[in-house]
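Colleague: Could you walk me through a few of the labels used for this model? I would like to see the criterion behind each one.

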Amino acid sequence: MSVSETSATPPAPRRWQGVPSVPGWAFWVVLLGVTWAASHYAMDIYKALDARWIIRFPAAWQPDFEGRISAGMKWLLEEAELFGILFRDVTRAIARLIEIPYDLAVDLLVTGVLQGQGQQAQQVLPPLSWIAVTYIFCALGHYAKGWRLAALMGACFLYLAVFGQWASAMLTLASVLIAVPLAAVGGLLLGILAFRVPMAERILRPVLDLMQTVPIFAYLVPILFMFGFGPVAALAATVIYAMPPMIRVTIVALRGVPEELGELGVMVGATSGQQMWKVLVPAARPTLMVGLNQVIMLTLNMVIIASMIGAGGLGYDVLTALRRLDIGGGVEAGLAIVVLAIALDRLSQAFSARTVTLRASQSRGGWAMRHRWLLSSLAVVLVTALIGLALPWVQTYPKAAVISTGQIWADAIGYINVNYFDTLDAIKTVLLTWVLLPVRQFFTGIPWPWGLAAITLIGARVGGWRLAALVFALTGLVVLTGLWTKAMMTVYLCGVSVVIASIIGIPIGILAARNEMSNRVVGVFIDTLQTLPSFVYLIPVVMLFRVGDFSAMIAIVAYALAPAVRYAAHGIRSVDPQIVEAGIVSGCTPWQMLRRIKLPIIAPELLLGLNQTVMLALSMLVITALVGTRDLGQEVYIALTKANVGQGIVAGLAVAFIAIIADRLLEAAARRMRNRAGGA
Amino acid sequence: MERPVLLECRNLWKVYGHRPDQFLKEHGGNPSGDALRRAGMIGAVRDANVKIRQGEIFVIMGLSGSGKSTLVRCLSRLIRPDAGELIFDGQNILPYTDKQMLDIRRRRMGMVFQHFALLPHLTVLENAAFPLEIQGVPRAKREAQAREVIELVGLKGREDYYPSQLSGGQQQRVGIARSLAVEPDLWFLDEPFSALDPLIRREMQDEFMRLQAMLKKTIVFITHDFDEAIRLADRIAVMRDGRIVQVATPQDLVLSPADDYVAEFTRYVPKSKVLTMGAIMAPGAAAGDVAGELIVTDRVEAVADRIERADGMFNIRDEEGRIVGHVGRAVIIDILVGRSSAA
Ligand SMILES: Nc1ncnc2c1ncn2[C@@H]1O[C@H](COP(=O)(O)OP(=O)(O)OP(=O)(O)O)[C@@H](O)[C@H]1O
Ligand SMILES: [Mg+2]
């Protein structure tokens, strides 16, 4: 999205040929040199000047953000009222609103309808049988696209049953089924509001921007505080997390409806309701469906993570396995998440791409013919439920037939650890001693006064004084919270990961762009990587490298790889073929072609890819707190376990500020680069 | 003989820019082009005066950006003009609220769009029935009505297709069918054939003429193609930079262009396409052999063959049937080869 925005900016006056006060490279070399010196000699400076505040922002200077926010939340929850309605009652009402459908979904998919309490509960009605659920998803697959998708659906759900993940998967699915409509409808309505009322959009936009950068965990803390530990809190967090993209997509989709269609609505005398629901929304449907796909994937991602505040299901299995270092169980649950993610992704994508020819062919025939999938699904549900009373295996996949792969995975990982321990350890040690630790020392050593000055200088350099003021203010706030060192830890881990992800990702992207075939293969791979909930990445990493910075880095790199690949491939493919031909005519070798022609042209594109990589890295970074990093992510995680709202929000906002700073700086840099290319 | 006026606009203004109302007031309601430019405003429609008579095809033409679309959108109140009067059927509808407009739009106006504006999720039938659906007409009735108009535009048998399964020409036929479904009195067409290939465009023009011969609607038709304008128009308004520079019949436009701009438009138009018998005839009945009879409104192009092949003169009758003049082969040939400074 930022691609089109930045490309619209008018070219700046040429400055590259003039006499800039400092040549480009000199600025960066001097800045780096000074920063290195400041970092290296911080201790000495502090001792020489006897000014400890240089390396440690004094507690006395810190306004008590945490305490105030916590107190505010407490007040909100206990005393706040509007028109005589207690805020507490509002949250309770919301909780009920979520709980009722959720309980229904759980009844339907997992437990069946129960009567009585606790242990004496009697099952009055069984849940949908595993055969019925599988059949329904096959039917959806066929309806959305055809036999191949139906087969994929069947395979995925059979996998869940055969490999013993059924109950957990259904619990996760129940959460997704409840959260998706809430988030989608909520997002749609808010999007419509923003489309209709300019004022609403002006309020929503900055909120959305902020929400996009606040790390996932940080949502959980206040939600936990308001709703308590349990599935309701998890669902509330999920809905809030998955809604912003839908709002954005709705605004974009409605704006994208051709003006003529809007005029058509007016000309045929549509009321404003008819205009919206009969003209604009249906015409925007294809784009809205893309938003729905995003909502589904984000929901799944969040439902998994929200297992930390009480969502059961596959995420909970992964979490407990990670805590117990139960290798087999973790991998099994992780794979089940992957399977579920792929199934939901492909299904919702197929629905958004459903062609009119398919729709036309489906609307032929009699009533029964047109509704054959609905009817047969109902039949399967009823029949399996009845037969299930006599033959239990029809109702529930028999335990005896479950294939457990846990041991296999445990053995495999064990084998790798035994036989390749030295190799893995060597890799780890080399990277740690030569890359991670020095960089970490460099960043964490930077005294905050110089850090603040340096980032402001960078802002001024790439984007002028307004940007400088913005990054100064944001960094200043981080300093004021007393989280400087942890913020630097975050920057270090994120920075290293992003650099490594780029080093791996950009060449892959360039290779992928070489021909159709490699492009398709890499595309499928990258798409699949992106559909996986971030939690899943932790599993193999922890199994192979234990906890610590190194593991965190690997997980972040894997998660943040996709945009680097994608933007590089896209950039290379969009290079004007005439320029390439000009290069060939003037006798460039392929290598010269890449280095002298293509790379300079796609540099702005690469920077935008870098921007996305940074955002993904930051969001993953917080999750890696689970494997024992010591950055802001850990701060949020601690807040979560202690249910300390103030701490959680402050640390979450600190991460968000870092993200905003990185975003603005990179965007400004890309714009500068493009203008320079345009002006040259 | 003048037919009654259905829609009229007086001193209509539409200005884009910062606070157009105030700007117009400051300049006494009639800012010059210079004043507009200095203030950075765009005068999309400037002081337009137009009378559209019942049953005529009124064509608005001009170069791209001359304000044609803006003018029709003002006439249909899709956009609100900044100043002026807009009189529909004797009522000034400019101050009408959206609610009041709703009724007029639902029953009395239809519009065809340049890019068809079909709803992609509806079939041909549903698209054609859409205006009726908006009015709350029950399904059976509106579909019956829609089927009629679909047949009228020659798309029978394709009722269940979706727009994306149709060619451009067919899509515009659906657009036409839809705009006719409510049986409007006033029919707006904004460059309806511009997005089509030249061959299809001619075919659609013929189709349009056939429909109009049957339906006799009052039509406001926009085009930037002068050939199209003279084929279809009863009268043409030529626009330039937001102003209407001339309103005239195709013939008068060619014979006496108001300024160089209009002359430039009409320069390469074969005269035979616009000149009528009335303009080229010699007064009085023919003296010698009479080979046949024609009417004053016949265009040279249409009857040239007959006149050329015949040896004698043709008498020309006016609409009341009186003989008012005569035409011979020599005049026609002069016009066809472009030699004549006819009339
Ligand atoms: N919403 C708007 N805001 C600002 N200027 C506008 C707007 N709509 C139209 N204009 C300007 O008004 C002028 C007339 O535009 P209009 O669309 O009426 O021209 P047109 O004659 O229909 O051209 P075309 O043949 O390209 O459709 C143009 O200069 C255009 O840039
Ligand atoms: Mg136009």
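Colleague: Why is Val614(A) called buried?

Modeller: Val614(A) has a relative accessible area of 9%. Buried means under 20%, exposed over 50%, and partly exposed in between, with a 1.4 Å probe and protein chains only, so at 9% Val614(A) is buried. Before we go on: this is a predicted model, where local features need pLDDT of at least 70, side-chain atom pairs count only at pLDDT 80 or more, and totals for chains, interfaces and linings use all residues. Residues are numbered from 1 along each chain as its sequence is written, chains are lettered from A and ligands numbered from 1 in the order in which they are written, and side-chain values use heavy atoms, with hydrogens and water left out.

Colleague: Thanks! Where is Val614(A), and which residues is it in contact with, leaving aside neighbours within four places in sequence?

Modeller: Val614(A) belongs to helix 28 (residues 590-623) of chain A; helices are DSSP runs of H or I with at least four residues, strands are runs of E with at least two, and both are numbered from the N terminus. Its contacts (heavy atoms within 4.5 Å) beyond those neighbours are Cys494(A), Val498(A), Ala662(A) and Leu666(A). From Val614(A) to Ala662(A) the C-alpha separation is 7.5 Å, across 48 residues of sequence.

Colleague: What makes the lining of the second largest pocket nonpolar, polar or charged?

Modeller: The class of each residue. Ala, Val, Leu, Ile, Met, Phe, Trp, Tyr, Cys and Pro count as nonpolar, Asp, Glu, Lys and Arg as charged, and the others, Gly among them, as polar. The lining has 33 nonpolar, six polar and three charged residues. The pocket has a volume of about 1400 Å³. Of its 42 lining residues, those closest to the centre are Phe443(A), Ile455(A), Ile458(A), Val491(A) and Leu665(A). Helix 23 of chain A gives the most, with 12 residues.

Colleague: And what makes it a pocket?

Modeller: On a 1 Å grid over the protein atoms alone, a pocket is an open set of points with protein on both sides within 12 Å along at least five of seven lines, and lining residues have an atom within 4 Å of a point. The points are joined across faces, edges and corners, and the volume is the space filled by probe spheres set on them.

Colleague: Over to chain B. Why do strand 2 and strand 5 of chain B stand at the edges of the sheet?

Modeller: The open sheet has four strands in the order 2-1-4-5, with antiparallel pairing. Strand 2 (42-53) and strand 5 (91-92) of chain B each have a single partner strand, so one side of each lacks a neighbour in the sheet.

Colleague: How do you know that strand 1 and strand 2 of chain B pair?

Modeller: Pairing needs at least two bridges found by DSSP. Strand 1 (residues 5-16) and strand 2 of chain B have eight, in the antiparallel sense. Within this pair, Leu7(B) has Ile52(B) as its bridge partner.

Colleague: Last one: why is Asp241(B) called partly exposed?

Modeller: Its relative accessible area is 49%, so Asp241(B) is partly exposed. In contrast, Arg77(B) is buried at 4%. Asp241(B) has a positive phi, near 50°, and phi of Arg77(B) is also positive, near 60°. Most residues other than glycine have a negative phi.

Methods. On a 1 Å grid over the protein atoms alone, a cavity is a set of points where a 1.4 Å probe fits but cannot get out, and a pocket is an open set with protein on both sides within 12 Å along at least five of seven lines; lining residues have an atom within 4 Å of a point.
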